[in-house]
Amino acid sequence: MSNKIVVGAQWGDEGKGKITDMLAETADLVVRYGGGNNAGHTVIVDDEKFELHLIPSGILYEDKKSVLGGGVVIDPEAMVEEMEGLEDRGISLANLYISETAHVIMPYHRMIDALEEKRKGDSKIGTTGKGIGPCYTDKTARRGIRIADLLDEGRFRAKLEKALDYHNVLLEKVYDAKTLKVEEIIKQYQPYIEKLSPYVTNTSLLLNEAHKQNQKIFFEGAQGTLLDIDYGTYPFVTSSNPTAGGVCTGTGVGPTTIDDVIGVTKAYLTRVGAGPFPTELDNEWGEYLRDKGHEFGVTTGRPRRCGWLDIPILKHAVRVNGLTEIALTKIDVLTGIEEIKVCTAYKHGEEIVEEFPPYLESEIPYEPVYEKWPGWEEDITGVRDYDQLPENAKRYIERIEELIGIPARIISVGPGRKQAIRR
Ligand code: IMP
């Protein structure tokens, strides 16, 4: 029996959806603990492609419970759209559970996200524009609206009135934007509330009861370690804790519930949005990785910035998440590259720095120090047995393991559920 966290070890988009989907086979519950519909998890089942933003990948298995914990922020409109989209494709929602304490993304959150990015101009974060940051801001400022509030009309109205007292001043005076009306929002949200309410419950209790009964729980991370508000490349981060620590606060289970933490990492590196990226390839190799790896955001369609694998980042991820193993994804994308580079340290002035600096800003020079490894030509997308991989691919994987000190137990060689090697 083991409860696992699947966490992104880089800047998100590492392929967590696929890895969770693969491992979920042996789980009883699959749980999202943070973030919102800024996430985009692509799962391919029998040539059918599912793009999930809020609902855990476990929903694709009929017998698993899919849980949205209290640390998630829920946009009711996006949630209902995703639920209906799944139902239209014959996926049952009978095992979906939504935390009463999850915060709700309101129309003013989305507006402020966009207006604030515009106000920032060149120094914008490059958010997904889904209202995530402003929703978490309201949560910590103690004026947020939670899922349970939606279920009681009087309470919803009272909280919304208070929230709008604040947000309308902000919209009008700071952003010179149109203000919002309580009645209009209530009217807009009514059908969403009706759709969501049967799924709302005390998910902390549900998870702890399941744990007592020895059921197996999978916590599905969204975003990635370097987008963590505390351990990422602040301020170019999201507003939650995608790192493993976020599981406890985001779902109401204690740390002793967790056995393993799997860090999902691409065999190279990508990021969307602004912020520092020492190994970024602003050249034809960056284009090559983007084209071959289809590196375009699932949520926003934006082209992802691409670069070589960065070991100091992975060592940071191992440390702050307590990773027990990695799942290495998209190694097939490297096929055909004659010489593959791996950043093992940075040159910072005269100094060689082997650890990821906790304070990294774009204008502070951290020059990657690279090791170069010969690539391979063979198509590896059909390989299921580690020994069948080309020698150079094995050498690349084993060097990564040596540098970060933990094993790669899953190696993904293509997007399909079965395109993976297990060791
Ligand atoms: P926000 O989460 O929309 O506020 O965006 C903050 C930063 O996190 C931006 O750089 C986004 O591109 C990035 N981000 C948020 N969610 C994801 C994700 O699921 N994958 C990759 N990047 C993300």
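The model is predicted. The ligand is surrounded by 15 residues. Helix α11, residues 311-321, is largely enclosed by the rest of the structure, since nine of its 11 residues are buried.

**Ligand site**
- The closest residues to the ligand are Asp-13, Asn-38, Thr-128, Thr-238 and Arg-302.
- A polar side-chain atom of Thr-128 is 2.6 Å from an oxygen atom of the ligand, and a side-chain N or O atom of Asn-38 is 2.9 Å from a ligand oxygen.
- At Gly-126, a polar backbone atom lies 3.4 Å from an oxygen atom of the ligand.
- On its own the ligand has 470 Å² of accessible area, and the protein covers 96% of this.

**Glu-295**
- Glu-295 sits in the loop between α10 (284-292) and β13 (305-307).
- Its relative accessibility is 0%, so Glu-295 counts as buried, the cut-off being under 20%.

**Helix α11**
- The buried residues of α11 include Ile-311, Leu-314, His-316 and Asn-321.
- These buried residues of α11 pack against the strands β1 (4-8), β11 (260-266), β12 (269-271), β14 (309-310) and β16 (339-348), and against helix α12 (391-404).
- Asp-310 caps the N-terminal end of α11, with a side-chain oxygen 3.0 Å from the backbone nitrogen of Ile-313.
- Just after α11, Gly-322 has a positive phi of about 60°.

How values were computed
Residues are numbered from 1 along each chain as its sequence is written. This is a predicted model: local features need pLDDT of at least 70, side-chain atom pairs count only at pLDDT 80 or more; totals for chains, interfaces and linings use all residues. Side-chain values use heavy atoms; hydrogens and water are left out. A residue is near a molecule or strand if one of its heavy atoms lies within 4 Å of it. A polar contact is a pair of N or O atoms within 3.5 Å; within protein, one must be able to donate a hydrogen and the other to accept it, and residues adjacent in sequence count only if both atoms are side-chain atoms. Accessible areas come from the Shrake-Rupley method with a 1.4 Å probe; for residues, only the protein chains shown count as cover. Helices (H or I, at least four residues) and strands (E, at least two) are DSSP runs, numbered from the N terminus. Buried means under 20% relative accessible area, exposed over 50%, partly exposed in between (1.4 Å probe, protein chains only). Contact means heavy atoms within 4.5 Å.
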